[in-house]
Amino acid sequence: MTEQTTDVEKRSDRSPVPSGWTYAPAPESTDIVELQDRYGLFIGGQWVPAKEHFTTVAPRDESPLAEVGQAGPEDVARAVAAAREAFADWSRLDPSQRAKYLFRIARILAERSREFAVLESLNGGKPIKESRDVDLPLASAHFFYYAGWADKLEYAFPNRRPKPVGVAGQIIPWNFPLLMLAWKIAPALAAGNTVVLKPAETTPLTALLFADVLRQAELPPGVVNIVTGDGSTGAALVDSDVDKIAFTGSTEVGKAIQRRVAGTGKKLTLELGGKAANILFDDAALDQAVEGIINGIYFNQGHVCCAGSRLFVQESIYEPAIEKLKRRMATLRVGDPLDKNTDVGAINSREQLSRIEELVQAGKDEGAEIYQPPCRLPEKGYWFAPTVFTNVAQSYRIAQEEIFGPVLSVLTFRTPEEAVDKANNTPYGLSAGVWTEKGSRILWMAQRLRAGVVWANTFNRFDPTSPFGGYKESGFGREGGLHGLEPYLTFDGAETFGG
Ligand code: NDP
């Protein structure tokens with residue numbers, strides 16, 4: 001008789017091997033996306049030709065997708081002037097009419113979500129199931145949510161006489177291109193401001209497609225202007241005649257912007273980097289926690305400012321936790337972002353890949369132990385295998401610096417006090433996660449963690465009603481919820497800046 005293994009025996013197999021299952025390819029078709037060869041700048045409701053262009057590529061295979069305009073300071077000034085002109089009517093429009101435009105945008109985004117999801121994955125490298133199930137529904141939900149506030153600002157801020165700020169310059173990163181656009185544009189418009197938006201150099205295409213949504217929604221010209229380009233375009237926007245800057249990106253650039261804006265009277269919000277602690281107590285539901293830890297760091301290839309990139313495990317469960325984590329990592333499917341089975345897609349750019357490689361090398365050099373599950377990475381494009389480091393000291397670069405890639409650093413603790421001390425031992429303060437069955441411990445931890453968002457028994461949960469933002473070098477100001485409206489308003493009759 002041949003020896004049969006039971007299902008229970010198979011499940012209790014402890015070695016961290018990948019499952020034997022193979023998945024047939026399930027690629028999403030790109031036919032739904034119609035790309036132009038060359039894009040101009042979207043200013044005053046028109047496509048304005050740019051003098052120079054750069055090529056935007058697909059990170060999955062480095063193939064060129066389109067030529068995109070490089071806006072110079074004159075283009076930025078023209079966009080700001082268009083926004084200023086549009087502000088006069090837009091800010092005086094009956095707020096219920098402003099709400100109608102936002103509802104329309106929300107609905108059109110939902111209707112065209114497949115097209116946007118495919119384009120987002122193509123240009124950014126993130127798995128289609130994430131852009132389809134997370135980025136697009138959330139982007140649409142932000143417009144729906146803020147549409148609801150547009151005619152209720154007096155009730156949102158009672159006795160404070162809210163007024164729009166004016167023209168908002170908004171600079172967004174490449175990790176959630178459309179979602180960051182929605183986080184920024186929706187509250188700005190609901191509050192009666194007009195906007196000049198600068199998408200990231202590597203991921204401009206969904207913002208450019210969004211211009212077509214604005215056309216469909218018949219948004220008045222100049223209310224939203226989109227200027228593409230590199231960092232110099234962002235810098236020109238910071239220096240331009242705007243009333244407010246809203247920036248999401250690296251702490252380094254955020255600090256530079258803060259210096260430029262100081263003394264100008266421009267309002268400023270900064271959403272910067274993070275090095276979140278995910279804290280696992282020995283009474284947590286371990287399988288559920290492992291899912292959350294995996295999601296916390298490998299979601300969007302770890303290109304997430306609030307990624308749970310430091311895992312703190314209580315010493316008493318260190319071994320089973322790491323074993324389960326490695327087994328789960330071995331089942332992650334890395335590959336074509338447009339394949340519906342893919343869990344981990346392509347790294348966004350060559351520069352970002354080099355940065356990840358440099359920090360991973362530093363981790364090895366400093367003495368941490370690396371584990372990467374066996375996985376075959378495509379030959380073309382930018383790829384990095386899901387990685388976990390154990391044996392990490394708090395002083396290592398991989399425990400201190402934001403890697404912004406699929407790399408997890410594991411540390412240990414014994415007591416809740418020690419977990420708090422270690423979790424807070426970072427210049428950042430954006431997010432944290434706590435895994436425990438004890439409600440009182442969740443509250444105790446949440447009060448002590450210096451993080452703008454603390455998730456309990458979950459991670460990376462977003463909702464338009466919930467404010468998001470950081471402490472310390474993770475920035476200031478909040479996006480989402482009522483708090484997200486405040487930076488786009490002045491109160492008690494305070495004059496708007498710059499016009
Ligand atoms: P940056 O901060 O450089 O980019 C963010 C945005 O700012 C982009 O639109 C960028 O344009 C623009 N920008 C760049 N330089 C300037 C400037 N001097 N003035 C005004 N705007 C500017 O981030 P990177 O894309 O270079 O990423 C580097 C690191 O930043 C990552 O490794 C990660 O650690 C962190 N990061 C954090 C994010 C977050 O959500 N907190 C998001 C993205 C990055 P362009 O794209 O054209 O350079």
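I began with the neighbours of Asn278. Leaving out residues up to four places away in sequence, Asn278 touches Gly292, Ile293, Arg310, Leu311, Phe312, Gly433, Val434, Trp435 and Phe459 (contact means heavy atoms within 4.5 Å).

The model is predicted: local features need pLDDT of at least 70, side-chain atom pairs count only at pLDDT 80 or more, and totals for chains, interfaces and linings use all residues. Residues are numbered from 1 along each chain as its sequence is written, and side-chain values use heavy atoms, with hydrogens and water left out.

Next I looked up where Asn278 sits. Asn278 lies in strand 11 (strands are DSSP runs of E, at least two residues, and helices are runs of H or I, at least four, numbered from the N terminus). Asn278 counts as buried because its relative accessibility is 0% (buried is under 20% relative accessible area, with a 1.4 Å probe and protein chains only). Its side chain makes a polar contact with the side chain of Trp435, at 2.7 Å (a pair of N or O atoms within 3.5 Å, where one must be able to donate a hydrogen and the other to accept it; residues adjacent in sequence count only if both atoms are side-chain atoms).

Then I followed the pairing. Strand 11 (residues 277-280) runs parallel to strand 12 over four bridges (pairing needs at least two DSSP bridges). Leu311 in strand 12 is the bridge partner of Asn278. Strand 12 also pairs with strand 15 (residues 407-413), parallel, over five bridges. There, Phe312 has Leu411 as bridge partner.

Last, I checked burial in strand 12. Five of the five residues of strand 12 (residues 310-314) are buried, so the strand is largely enclosed by the rest of the structure. I found Arg310, Phe312 and Gln314 on one side, Leu311 and Val313 on the other, all buried.

Note on methods
Buried < 20%, exposed > 50% of the residue type's maximum accessible area, 1.4 Å probe, protein only.
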